[in-house]
Amino acid sequence: MPRVLLVEDEATLRDLVAQYLRREGFEVSTTGNGDEALDLARNEPPDVCVFDVMLPGMDGLSLCRILRKESEVPILLLTARGAEIDRVIGLESGADDYIVKPFSLPELVARMRAALRRVPKPHSDRLQAGDLVMDLTARRVFLVDREIKLSHKEFELLATLMRNKGAVLTREFLITQVWGFDFEGDPRTVDVHMRWLREKLEKDPSHPERLQTVRGVGYRID
Ligand code: CA
């Protein structure tokens, strides 16, 4: 069970997130205070951290900066403020990712899992969803033993969906994962790439069986 350190001073939100994470199979330690969080992180090193930015005691960014010097643990920041400057500061602090409140719990979990997977592990070079297999090292994709040629972005988009199999991923999340935080183009570029992927991977691209659209939210691979 991956251990998560959740630091959030809003008790209602903290309890809600903690409860959800436990149901998702995480072992959860919580606190609402930044100074206490640092002690907890040092005494019982977590596998992944989720820090609110605005906290009593040490704030989330300082916490992140200090901890980053001591460990490689993935850190996600929760921020109530979406302004660009906050995002930049957040990432300069050594955070792996951030999520703007209000957020969806499944998306938080998807991002935590993605951050956990970025910690190098052996044998993590193969992804599978039914008869669709990706070899990440060789960058090859096979559908029922037939090789499918994908462009670089199509490959990254499919890999992101397959790493988070079953979870609904928002366009914003897919853009940061595939195109990067500094992407300034049209968010519909995700839809265009999804259409191309469906043309290559679906029997009937207008009635997809693998690459599902979740209306108003984003995409999911089953
Ligand atoms: Ca707060």
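Student: Which spacing do the donors of the calcium ion follow along the chain?

Tutor: This is a predicted model, in which local features need pLDDT of at least 70 and side-chain atom pairs count only at pLDDT 80 or more, while totals for chains, interfaces and linings use all residues. Residues are numbered from 1 along each chain as its sequence is written, and side-chain values use heavy atoms, with hydrogens and water left out.

Along the chain, the donors of the calcium ion follow the spacing D-x42-D-x1-M. Donors are N, O and S atoms within 2.8 Å of the metal (3.2 Å for Na, K and Ca); water is not among the atoms, so sites may look incomplete. Asp-9 (OD), Asp-52 (OD) and Met-54 (O) coordinate the calcium ion at 2.1 to 2.3 Å. Because Asp-9 lies in the loop between strand S1 (3–7) and helix H1 (11–23), and Asp-52 in strand S3 (residues 48–52), the pair ties together parts that are 43 residues apart in sequence. Helices (H or I, at least four residues) and strands (E, at least two) are DSSP runs, numbered from the N terminus.

Asp-9 counts as partly exposed, at 35% relative accessibility, whereas Asp-52, at 4%, counts as buried. Buried means under 20% relative accessible area, exposed over 50%, and partly exposed in between (1.4 Å probe, protein chains only).

S1 runs parallel to strand S2 (residues 27–31), and five bridges join them; two strands pair if DSSP finds at least two bridges between them. Thr-31 in S2 is the bridge partner of Val-7.
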